[in-house]
Amino acid sequence: MEPNTARIEALIRELLIEIGEDPGREGLQRTPHRVAAAWAFFTSGNRTDLDKLINGAIFTQKTNSMVIVKNIEVYSLCEHHMLPFFGRCHIGYIPNGRVFGVSKLARLVDMYARRLQLQERLTEQVSQAVMDSIDAKGVGVMIEAQHLCMMMRGVEKQNSVMVTSSVVGEFRESTATREEFLGLIGNRSG
Ligand SMILES: [Zn+2]
């Protein structure tokens with residue numbers, strides 16, 4: 001169900017008052033409206049259907065070689081502070097007769113990123129979705145991200161990067177496969 005934007009606007013107006021702002025001043029008059037629209041978008045992954053998203057973007061291909069897509073941009077929101085975390089996602093998989101259209105892998109990451117998240121859960125959801133969608137032999141996902149809840153408040157560690165990985169199937173079973181994956185994504189631009 002789409003969020004009730006009128007209700008979100010009212011809540012944001014209350015929030016502005018509570019933090020000592022005047023929601024009637026010029027710069028803030030349209031802010032509740034903008035925030036409501038932004039949050040509808042930030043959480044649109046909750047209302048996206050995975051099957052519809054990948055529909056028509058899976059192709060038959062006889063290959064057993066590892067497929068790697070590096071540096072997919074990730075923008076998500078930590079569920080503990082409702083603040084952004086952002087970085088890059090690297091996906092590797094070994095097909096089992098079917099491969100993904102490349103842009104769909106990016107859309108799949110967006111779908112799981114556009115909701116309140118934990119980086120660990122996001123990483124696992126992406127690997128499981130890739131595994132299940134094409135019945136892959138194995139999948140590895142690594143996400144490197146910076147969290148504004150750490151950078152702007154609390155410990156204020158501006159340069160720390162959190163790295164999470166999730167491996168399933170052959171990536172979990174075989175050290176050689178995992179090492180091939182890490183080697184192929186290893187030359188990252190950061
Ligand atoms: Zn946080």
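In the predicted model, a polar atom of the Thr123 side chain lies 2.6 Å from the backbone oxygen of Gln119. Thr123 belongs to helix 5 (residues 119-134), helices being DSSP runs of H or I with at least four residues and strands runs of E with at least two, numbered from the N terminus. With a relative accessible area of 1%, Thr123 is buried (under 20% relative accessible area; exposed is over 50% and partly exposed in between, with a 1.4 Å probe and protein chains only). Beyond its neighbours within four places in sequence, Thr123 is in contact with Val141, Ile143, Thr164, Ser165 and Ser166 (heavy atoms within 4.5 Å).

The zinc ion has Cys78 (SG), His81 (ND1) and Cys149 (SG) as its protein donors, at 2.2 to 2.3 Å; donors are N, O and S atoms within 2.8 Å of the metal (3.2 Å for Na, K and Ca), and sites may look incomplete because water is not among the atoms. The spacing of the donor residues in sequence is C-x2-H-x67-C. Because His81 lies in the loop between strand 2 (67-78) and strand 3 (84-94) and Cys149 in helix 6 (residues 148-151), the pair ties together parts 68 residues apart in sequence. His81 is partly exposed, at 34% relative accessibility, whereas Cys149 is buried, at 8% relative accessible area.

Residues are numbered from 1 along each chain as its sequence is written. As this is a predicted model, local features need pLDDT of at least 70 and side-chain atom pairs count only at pLDDT 80 or more, while totals for chains, interfaces and linings use all residues; side-chain values use heavy atoms, leaving out hydrogens and water.

Definitions and conventions. Polar contact = N/O pair within 3.5 Å; in protein donor to acceptor, adjacent residues only side chain to side chain.
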